[in-house]
Amino acid sequence: MFGLFKKKNENAKKEVRESPEIAKARKYLESTHPTHSFLYGEQPFHYIETSEKGEFKRYHFYQGFDKRLIYVVLSDEERNEITNVFKEKMGDSYAYQDTIILGNVIQHRFYRPKAFNTSITFMTDDGEIWGGNFAMDEELFD
């Protein structure tokens, strides 16, 4: 009799294993975007899909219940490439924050860690840059 209950509980607890790549992407996202399990539950970021841009794979997640803002986890190689393109245009005073999809546009977000105004500057996959305080000179704030 107790064996029946045990089997049902074991079946209920079985989880679908995600691929190591998705687990690694989720772990990266959780390390860069700390959240409280009280607000979002045990798994704050939910996997949606994997996309490709050239030779790189991108992993898409949403946080909590908000499916309007999609977080895109890039591979280390692609993240370095994106950061280098941005720094060639804007200089070394920026740091990579993350990549998101808002609407239908992929936006790589950068910020200036040493500036008193830490607004975010965006770059598309095509290299178009807008927003933020990119016209300001960092030497004024040191």
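A polar contact of 2.6 Å links the side chains of Thr99 and Tyr96, a polar contact being a pair of N or O atoms within 3.5 Å; within protein, one atom must be able to donate a hydrogen and the other to accept it, and residues adjacent in sequence count only if both atoms are side-chain atoms. The model is a predicted one, in which local features need pLDDT of at least 70 and side-chain atom pairs count only at pLDDT 80 or more, whereas totals for chains, interfaces and linings use all residues. Residues are numbered from 1 along each chain as its sequence is written, and side-chain values use heavy atoms, with hydrogens and water left out.

Thr99 also makes a polar contact of 2.8 Å with the side chain of His108. Thr99 belongs to strand 4 (residues 95-102); helices (H or I, at least four residues) and strands (E, at least two) are DSSP runs, numbered from the N terminus. With a relative accessible area of 0%, Thr99 is buried (buried means under 20% relative accessible area, exposed over 50%, partly exposed in between; 1.4 Å probe, protein chains only). Leaving aside residues up to four places away in sequence, Thr99 touches Ile70, Tyr71, Val72, Leu74, Ile106, Gln107 and His108, where contact means heavy atoms within 4.5 Å.

The side chain of Arg109 forms a polar contact of 2.6 Å with that of Asp98. Arg109 and Tyr96 are 13 residues apart in sequence, and their C-alpha atoms are 6.3 Å apart in space.

Turning to the nonpolar cores, each is a set of buried Ala, Val, Leu, Ile, Met, Phe, Trp, Tyr and Cys residues joined through side-chain atoms within 4.5 Å. The largest has 13 residues, of which Leu74, Ile82, Phe86, Ile101, Phe110 and Met123 touch the most other members. Strand 3, helix 4 (76-90), strand 4 and strand 5 (105-111) each supply at least two residues of this core. Apart from it lies another core, of 9 residues, including Ile22, Tyr59, Val73 and Ile100.

Ile22 leads on to helix 2, where Ile22, Ala25, Arg26 and Leu29 are buried. Seen down the axis of helix 2, the buried residues fall within an arc of 100°, so they line one face; the arc is that of the directions from the helix axis to the C-beta atoms. The face turned away from the buried side of helix 2 carries the exposed residues Pro20, Lys24, Lys27 and Ser31. Strand 1 (45-53), strand 2 (56-63) and strand 3 (66-73) are among what covers the buried residues of helix 2.
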